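I opened my notebook to look up a few things about this structure.

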Amino acid sequence: MSRAAAKAVKTAPAKPAKAAPAKVASAKTASPKPASPRKPAKAEPIIALDLPAAPLDAEIEAYFQKCRDKIGYVPNVLLAYTHDLAKLKAFAAMYNDLMLAPSGLSKLEREMIAVAVSSVNRCYYCLTAHGATIRQLSGDPELGEMIVMNYRAAQLDARQRAMLDFAVKLTETPWSVEDGDRDALRKVGFSERDIWDISATAAFYNMSNRMATATDMRPNHEYHASAR
């Protein structure tokens, strides 16, 4: 090629490139695949033991319906006992007497004992369930969280502090409880019957904690969001 020809080729305007034909999406590729139907979540077992529930009698049916009417669900701790209705009735009767019957202790104070004891025992079920109840009764989510974590961080009055000190000592080192511990409760105004109720409530939750932990009892999901 001559120099002139080479120069002509170099300076000649470049031809516009042909645009590639646009691809038209077929109906097959344009429409997304229908989503596969979602499988319903498998119900989480309440406890780790395979204990089939017994047929419920009229008394328990009515009790469970009362739970649904009042709070919207049946607590899993009650459902866990349905394999043995006699034990369920005994558990429910003791719980109702300790936590709901007239007492020198307020309902909130009894729930505080339940949570302080359960914190020592690291009982997931009872901390979740009764922590929610403290939030409801006190209207103070921070109080519920502090007693779950460490009741000593909460701003309690002298009466409540002495009550929880006693309940925790009865849980951690029951053999070390002596007259001085009972006297400390008397000094802040607790009666002899109040001391009995503090002791009975702490003892009940030590038992309940151990049953919940031994069976890997799972709390109702509703507890987690309650009174937040």
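**The second largest pocket**

I asked which residues line the second largest pocket, and I found Glu44, Pro45, Ile46, Asn76, Tyr124, Arg218, Pro219, Asn220, His221, Glu222 and His224. I note that this is a predicted model. The second largest pocket holds about 210 Å³ of space. I sorted its lining by class: four residues are nonpolar, four are polar and three are charged.

**The largest pocket**

I then looked up the largest pocket. Its volume is about 840 Å³. I found 29 residues in its lining. Lys70, Ile71, Pro75, Tyr95 and Leu100 lie nearest the centre of this pocket.

Which helices each supply at least two residues of this lining? I wrote down α3 (58-71), α4 (76-79), α5 (85-100), α6 (107-121), α7 (124-138) and α11 (192-214). The largest share comes from α7, with eight residues. By class, I noted 20 nonpolar residues, five polar and four charged in the lining of the largest pocket.

**A helix pair**

I next checked α5 against α11. Their axes come within 10 Å and cross at roughly 145 degrees. The crossing of α5 and α11 is left-handed.

Which residues make the contact? From α5 I listed Phe91, Met94, Tyr95, Leu98 and Met99. From α11 I listed Ala200, Thr201, Phe204, Tyr205, Met207 and Ser208. In this contact of α5 with α11, nine residues are nonpolar, two are polar and none is charged.

**Confidence**

I looked up the pLDDT last. The protein averages 86, and 80% of the residues score at least 70. Over residues 1-30 the pLDDT is below 50. Beyond near neighbours in sequence, that stretch has three contacts in the model. Where pLDDT is low, the predicted coordinates should not be read in detail.

Definitions and conventions:
Residues are numbered from 1 along each chain as its sequence is written. This is a predicted model: local features need pLDDT of at least 70, side-chain atom pairs count only at pLDDT 80 or more; totals for chains, interfaces and linings use all residues. Side-chain values use heavy atoms; hydrogens and water are left out. On a 1 Å grid over the protein atoms alone, a cavity is a set of points where a 1.4 Å probe fits but cannot get out, and a pocket is an open set with protein on both sides within 12 Å along at least five of seven lines; lining residues have an atom within 4 Å of a point. Grid points are joined across faces, edges and corners, and a volume is the space filled by probe spheres set on the points. Helices (H or I, at least four residues) and strands (E, at least two) are DSSP runs, numbered from the N terminus. Ala, Val, Leu, Ile, Met, Phe, Trp, Tyr, Cys and Pro count as nonpolar, Asp, Glu, Lys and Arg as charged, and the others, Gly among them, as polar. Axes are lines fitted to C-alpha atoms, for helices over the stretch in contact, and angles run from 0 to 180 degrees between N-to-C directions. A crossing is left-handed if the near helix is turned anticlockwise from the far one by less than a right angle, and right-handed if clockwise. Contact means heavy atoms within 4.5 Å. pLDDT is the predictor's confidence in each residue, from 0 to 100.
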